[in-house]
Structure formats: C-alpha cells, structure tokens
Amino acid sequence: TAADVAGALSVLESESVDLLLTDLRLGGEDGMTLIDRALKMPSPPVCIMMTAYGSVDTAVAAMKRGAYDFVTKPLDLDRLEILVRRALRSRDVESENKELRQQVERRTGKGLDALIGTSAAMQDVFDTIRQVAQTRATVLIEGESGTGKELVAHALHNLSGRKGRFVAVHCAALSPQLLESELFGHEKGAFTGASERRVGRFEQADGGTVFLDEIGEIDASTQVKLLRVLGERTFERVGGNTQIATDARLVAASNKDLEALVAEGKFRDDLFYRINVVRVHMPPLRERPEDIPLMVQAFLRQASQENDKPLRELTADATGRLLEFPWPGNVRQLRAAVESAVVLAPGPKITLRDLPQALRQWTPGGSPGAANARPGPRGAVAAAPSLNVHEREADLIRRALADTDGNITRAAALLGMSRRTLHRKIKTFPTVVEAGPP
C-alpha cells in the first residue's frame with residue numbers, strides 16, 4: 001500500500017509488482033500520473049483505475065494511457081477479485097507471447113545468435129553491438145553486400161529493450177518520391193495515386209528501430225528531411241503540415257564509402273555526422289575464413305530442415321573448395337551455395353560436383369566463378385587473375401551470366417543476390433558484363 005504517488009513510486013522502484021490498483025484522486029496528484037510513471041518502468045505492472053468520479057471520459061482516458069480496466073466506487077469486491085484475476089492472466093499471456101516472439105526471432109535468424117563467428121573481427125562486432133544496443137545512438141553499419149548488415153541491425157534492436165517495431169527500408173529499391181512517402185507517409189491526395197492516407201515507416205517504428213539499408217542511395221531532398229528527423233525527432237507526412245513526433249531509433253547501412261560520397265558532394269556531411277555516431281564494420285568473408293566451417297554447419301542444418309532433406313555431410317574436396325573460395329558475394333553467397341548443394345545432392349554426402357557451377361569451375365589463383373580463362377557462351381572471357389575486389393566481382397558476374405546464357409534470374413540465384421542487386425551491379429560494370437535475356 002501507498003498513500004500518494006511518491007510512496008507508490010518508491011514501492012514500484014524497490015519491488016517487483018504485478019498489479020497496480022490506484023485511486024484517481026491522490027491529494028495534489030492523480031492516479032493518471034501514477035499510471036504514466038508505472039507503465040514506463042522496465043517491468044510495468046498491470047494497472048487498474050478506481051474512482052468515485054466515474055465517467056466514460058475518465059474511463060477512456062485511463063485506457064488510452066495503458067490501464068487494463070476501470071472500476072467505480074463503492075467497489076464490488078467480488079467483481080474486483082474477478083477483474084484482478086483476469087488482469088493477471090492477461091499479463092501472463094502477454095509475457096508468454098513476448099517469449100514466443102523472441103524464440104521465433106532467434107529461429108528466423110534475427111537475434112545476436114544469427115551472427116556466426118569466432119574470429120577476432122566478429123568478436124569486435126559482437127562487443128560493439130552489446131555496448132551500444134541499449135543506447136539511443138544512431139549506428140552506421142558498413143560492409144560489402146552479403147556480409148550480414150541487416151542481421152546486425154536486428155541484433156541491435158533485439159538487445160535494445162525497445163518495445164516498438166523493427167522496420168526495414170531498402171533505399172536503393174525505391175524512387176526518390178516513393179522513398180519519401182515510405183519513410184514519412186503521405187496524406188490523401190498528396191500526389192497522383194495517393195488515394196488514402198499512408199502511415200510512414202518512422203511513424204510505424206515509434207518506440208522501435210528504423211533500419212535504412214543502402215542509405216548512400218537516397219537523394220538530396222530526402223537527406224534534408226532525414227536530417228530534420230534526427231535533429232528534431234519530428235516530421236510531416238508528404239502533403240501534410242502537421243508535426244508528428246517519433247521516438248524511432250535510426251540504424252543505417254551502406255556498402256559504399258560514405259566519406260568518399262561526402263567528398264564528392266553526393267552525400268550531406270551534416271547527415272553523415274548524424275548517422276556516424278557509432279560505426280560497425282562487417283568484415284568480408286574472405287577476411288575471416290576461420291568462420292566458414294561454423295557457418296557451413298549452421299546453413300546445412302537450416303537448409304536440411306527447411307527443405308525436409310536428411311542432414312548431409314561434406315566430402316573433403318567439397319569442404320576444401322568452400323574454404324578456399326574467395327566468396328565475393330560473402331555470407332549470402334555461401335548460404336545459397338550450401339542450400340543448393342543440400343537440395344541437389346543425390347547421395348548421402350555433398351561432393352564437389354554437387355556445388356554450384358561457379359565453385360566447381362574455380363581453381364586457386366583464378367577469378368571466382370571463372371574456369372581459369374575458359375571461354376563461355378555469349379562470348380564471355382575470364383579476365384586474368386586479380387586481387388582487385390571489383391574486378392573479381394565483375395568476373396564472377398560475367399561467369400554467372402555466361403553459365404546461365406544471360407538469364408538474370410538464374411544468375412542472381414547462383415551469385416546469392418537479388419535480381420535488383422544484380423541489375424545494379426551490371427550497370428556498374430558495363431564494359432565487362434554483358435546481360436542477356438531477363
């Protein structure tokens with residue numbers, strides 16, 4: 001028991017409380033204030049309001065603030081006992097649902113345990129995630145495509161304790177107008193085709209996390225609006241003039257050098273400083289080969305379960321090839337290669353011939369995916385061995401297109417990347433990659 005708000009808060013802060021039953025009138029303060037404070041506790045109790053000044057307005061106000069229910073005095077103790085039991089059951093169910101959601105997130109690869117690695121580079125990543133997860137600091141995740149940047153963003157959110165949603169936006173996949181609407185929402189009639197109001201991602205993620213993948217692709221106008229959200233934590237929907245507050249935390253990722261883009265005038269320096277409060281670098285797979293065996297085992301189990309296939313073993317030649325291959329597509333490409341082998345292997349063991357063609361034809365010293373200068377269809381010819389990452393990536397893309405006779409969809413599957421990403425990379429290498437039929 002407590003006689004006032006201060007006494008109640010003292011109890012809430014010193015003890016584990018399941019249920020709070022509070023009067024509306026508490027001397028100089030009221031029960032609404034107490035409910036507000038109680039629900040912001042790390043482990044908030046179920047709240048029930050009681051008052052002699054019962055009215056619909058008071059009941060609605062209490063429920064809107066998060067109260068479970070509302071009773072009027074004089075109290076019917078039998079009814080109150082039933083209400084308390086129901087409220088506590090509701091709390092138990094909510095707790096169980098939260099645990100189930102966390103289990104699902106772990107099973108679907110959204111928790112910290114989805115980031116596999118014992119290498120020193122990955123241990124640095126883990127340490128940084130643990131240190132900053134529960135802060136409000138913006139985080140910039142850098143690394144090549146396929147290194148697992150979105151998994152880092154999920155881990156930051158899962159360990160943050162934030163109750164809001166995790167919302168991801170892939171900036172490169174949207175035009176400037178669509179991206180602005182996606183981030184901030186729009187009012188009905190704001191532009192052609194806006195037939196109804198749309199709630200944007202920052203509004204959806206209030207109290208949670210917004211993950212902006214490939215942030216280096218956003219245009220100058222959207223950069224200005226994003227800077228305002230980070231500075232003032234408010235925004236306006238497209239076509240609207242109402243200020244909307246948001247408590248969404250921003251986590252951004254880029255496979256480009258943002259500092260170079262700033263120097264070229266393609267990315268605002270003030271926005272870069274805003275998002276670069278904490279930087280996490282995801283190392284490419286070729287720089288941490290000691291992590292490959294752990295990943296292969298994890299991907300084998302996952303692919304076997306998802307495809308209802310018996311768990312297979314790898315022969316020595318297949319294992320050797322997985323360890324030696326430079327993996328320009330990084331973890332995403334490794335996962336796709338393992339799943340392909342699990343699905344296509346006819347026997348109890350995965351051999352070298354069961355691996356994707358790009359891996360079978362590669363030899364040490366050659367370009368990934370190239371059969372050491374063996375000409376392919378459509379006139380594709382492998383380049384001389386090179387240690388340049390971009391040249392190797394171009395060689396692999398060329399080889400995949402040659403092996404699939406220019407079929408973009410099949411080539412993307414071989415490379416372990418999306419069709420859209422492959423199209424973008426083809427435009428990056430117009431002189432060395434020849435795209436065939438879609």
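User: What do the values rest on, and how is the chain numbered?

Analyst: Residues are numbered from 1 along each chain as its sequence is written, and side-chain values use heavy atoms, leaving out hydrogens and water. The model is predicted: local features need pLDDT of at least 70 and side-chain atom pairs count only at pLDDT 80 or more, while totals for chains, interfaces and linings use all residues.

User: How many helices and strands does the protein chain have?

Analyst: Helices (H or I, at least four residues) and strands (E, at least two) are DSSP runs numbered from the N terminus. The protein chain has 18 helices and 16 strands.

User: At what angle do H1 and H2 cross, and which residues make the contact?

Analyst: Axes are lines fitted to C-alpha atoms, for helices over the stretch in contact, and angles run from 0 to 180 degrees between N-to-C directions. Helix H1 (residues 5–14) and helix H2 (residues 31–38) cross at roughly 20°, their axes coming within 10 Å. H1 and H2 are therefore roughly parallel to each other (angles under 35 degrees count as such). Contact means heavy atoms within 4.5 Å; here Val5, Ala8, Leu9 and Leu12 of H1 meet Leu34, Arg37 and Ala38 of H2.

User: At what angle do H5 and H6 pack, and what meets there?

Analyst: Helix H5 (residues 120–132) packs on helix H6 (residues 149–158) at about 35°, with the axes 9 Å apart. From H5 come Val125, Ile129 and Val132, and from H6 Val152, Ala155 and Leu156.

User: How is a nonpolar core read, and how many residues has the largest?

Analyst: In soluble globular proteins, nonpolar side chains tend to be buried together. A nonpolar core is a set of buried Ala, Val, Leu, Ile, Met, Phe, Trp, Tyr and Cys residues joined through side-chain atoms within 4.5 Å, buried meaning under 20% relative accessible area (1.4 Å probe, protein chains only). The largest has 28 residues, and Phe202, Leu212, Ile215, Phe267 and Ile275 have the most contacts inside it. Among the elements that each supply at least two residues are strand S7 (166–170) and helix H9 (220–232); H9 gives the largest share, four residues. A second, separate core has 22 residues, including Ala303 and Val331.

User: Which residues does Phe202 touch?

Analyst: Not counting residues up to four places away in sequence, phenylalanine 202 touches Leu183, Phe184, Val210, Leu226, Val229, Phe235, Thr246, Ala248 and Leu250.

User: What share of the protein chain is buried?

Analyst: Of its 438 residues, 45% count as buried.

Conventions
Buried means under 20% relative accessible area, exposed over 50%, partly exposed in between (1.4 Å probe, protein chains only). Angles under 35 degrees count as roughly parallel, over 145 as roughly antiparallel, 65 to 115 as roughly perpendicular and the rest as oblique.
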